[in-house]
Amino acid sequence: ALGDGAVRSALAALEQAAARNGTGRRHHLAHLQVVHPDDIGRFAAVDATANLQALWAAHEPQIDELVIPFLGPQRDAMQYPFGSLARAGTRLAAGSDWPVSSADPMEAIHVAVNRATYRSELPPLHPAQQLSLAQIWRAYTAGSAFVNGLEERAGTIEVGKDADLIVLDADPFAMPSTEIARTRVRRSYVGGELAWSDGH
């Protein structure tokens, strides 16, 4: 659901489904580039997760040259309303949109928090829609586990859950938000077993 018309149609379908079948079926809408303000509150009402691909929510040539001139100012202001969705109580999940964008979650997390790419000299894209680092981190972990029906096994670090973990070279919560994207994965564990290491 990329544009505001698609989002509105999808939410209307979910409202009809909820009226017939109830909620709790883990529906999620992905991309959400343009969402009309009137539809922001409808996500939580039908228990629909907003599945974010945050790397796109920044000024860069594709947005500035190919999108904003065609959207016009009214719809441009509706782009990637992550903060509004979160404030409305919407459950968030996050993914990469790979292979059409970077699979590196730290790059997208950086954009979600800063609404700008790493070391960009351009202004933030609609800074009122920024998420906190905790919000986007939770979207990538617990939120994505939920939409995949894996919250009993994954998404948080708890006794009894699969130890699918990464070790980073720095703590993104302890650095300036403008440096989040420089964080690198040192090791990956799957089921508690080392699956990959950069040698450090």
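This note goes through a predicted model point by point.

1. Basis of the model. The model is predicted, so residue-level remarks keep to pLDDT of at least 70 for local features and 80 or more for side-chain atom pairs, while totals for chains, interfaces and linings use all residues. Numbering starts from 1 along each chain as its sequence is written, and side-chain values use heavy atoms, with hydrogens and water left out.

2. The nonpolar core. The largest nonpolar core has 39 residues. Such a core is a set of buried Ala, Val, Leu, Ile, Met, Phe, Trp, Tyr and Cys residues joined through side-chain atoms within 4.5 Å. Buried means under 20% relative accessible area, exposed means over 50%, and partly exposed lies in between, with a 1.4 Å probe and protein chains only. The residues with the most contacts inside this core are Leu-29, Leu-32, Phe-43, Leu-92, Leu-131 and Ile-136. Two or more residues each come from helix 1 (4-21), strand 2 (49-52), helix 3 (61-76), helix 4 (82-87), strand 3 (92-94), helix 5 (105-114) and helix 6. Helix 5 gives the largest share, six residues. Helices (H or I, at least four residues) and strands (E, at least two) are DSSP runs, numbered from the N terminus.

3. The largest pocket. The largest pocket holds about 810 Å³ of space. It is lined by 25 residues, and the closest to its centre are Tyr-140, Thr-141, Asp-164, Leu-165 and Ile-166. Helix 5, helix 6, strand 4 and strand 5 each supply at least two lining residues, and helix 6 has the largest share with five. By class, the lining of this pocket has 16 nonpolar, six polar and three charged residues. Here Ala, Val, Leu, Ile, Met, Phe, Trp, Tyr, Cys and Pro count as nonpolar, Asp, Glu, Lys and Arg as charged, and the others, Gly among them, as polar.

4. The cavity. The structure holds one cavity of 30 Å³ or more. The largest cavity has a volume of about 50 Å³. Its lining consists of Leu-14, Ala-17, Ala-18, Gly-22, Thr-23, Gly-24, Arg-25, His-27 and Val-46, which divide into four nonpolar, four polar and one charged. On a 1 Å grid over the protein atoms alone, a cavity is a set of points where a 1.4 Å probe fits but cannot get out; a pocket is an open set with protein on both sides within 12 Å along at least five of seven lines; lining residues have an atom within 4 Å of a point. Grid points are joined across faces, edges and corners, and a volume is the space filled by probe spheres set on the points.

5. Aromatic rings. Trp-137 and Phe-173 form an edge-to-face pair, 5.7 Å centre to centre with 65 degrees between the planes. Trp-137 lies in helix 6 (residues 133-147) and Phe-173 in the loop between strand 4 (165-168) and strand 5 (185-190), so the pair ties together parts 36 residues apart in sequence. Trp-137 is partly exposed at 23% relative accessibility, and Phe-173 is partly exposed at 48%.

6. Charges over Phe-146. The charged end of Arg-26 sits over the ring of Phe-146, 4.5 Å from its centre. Arg-91 lies over the face of Phe-146 at 3.8 Å from the ring centre. The rule asks for NZ of Lys or CZ of Arg within 6 Å of the ring centre and within 35 degrees of the ring normal.

7. Backbone points to check. Most residues other than glycine have a negative phi, and most peptide bonds are trans. Leu-32 has a positive phi of about 50 degrees; Leu-32 is in the loop between strand 1 (28-30) and helix 2 (42-45) and is buried at 0% relative accessibility. Arg-115 has a positive phi near 55 degrees; Arg-115 is in the loop between helix 5 and helix 6 and is buried, also with a relative accessible area of 0%. A cis peptide bond joins Trp-98 and Pro-99, with omega about 15 degrees. Pro-99 is in the loop between strand 3 and helix 5.

8. A contact across the sequence. Leu-85, in helix 4, is buried with a relative accessible area of 0%. Leu-85 and Ile-40 are 45 residues apart in sequence and 5.8 Å apart in space, C-alpha to C-alpha.

How values were computed:
Phe/Tyr/Trp six-rings, centres within 6.5 Å; stacked < 30°, edge-to-face > 60°.
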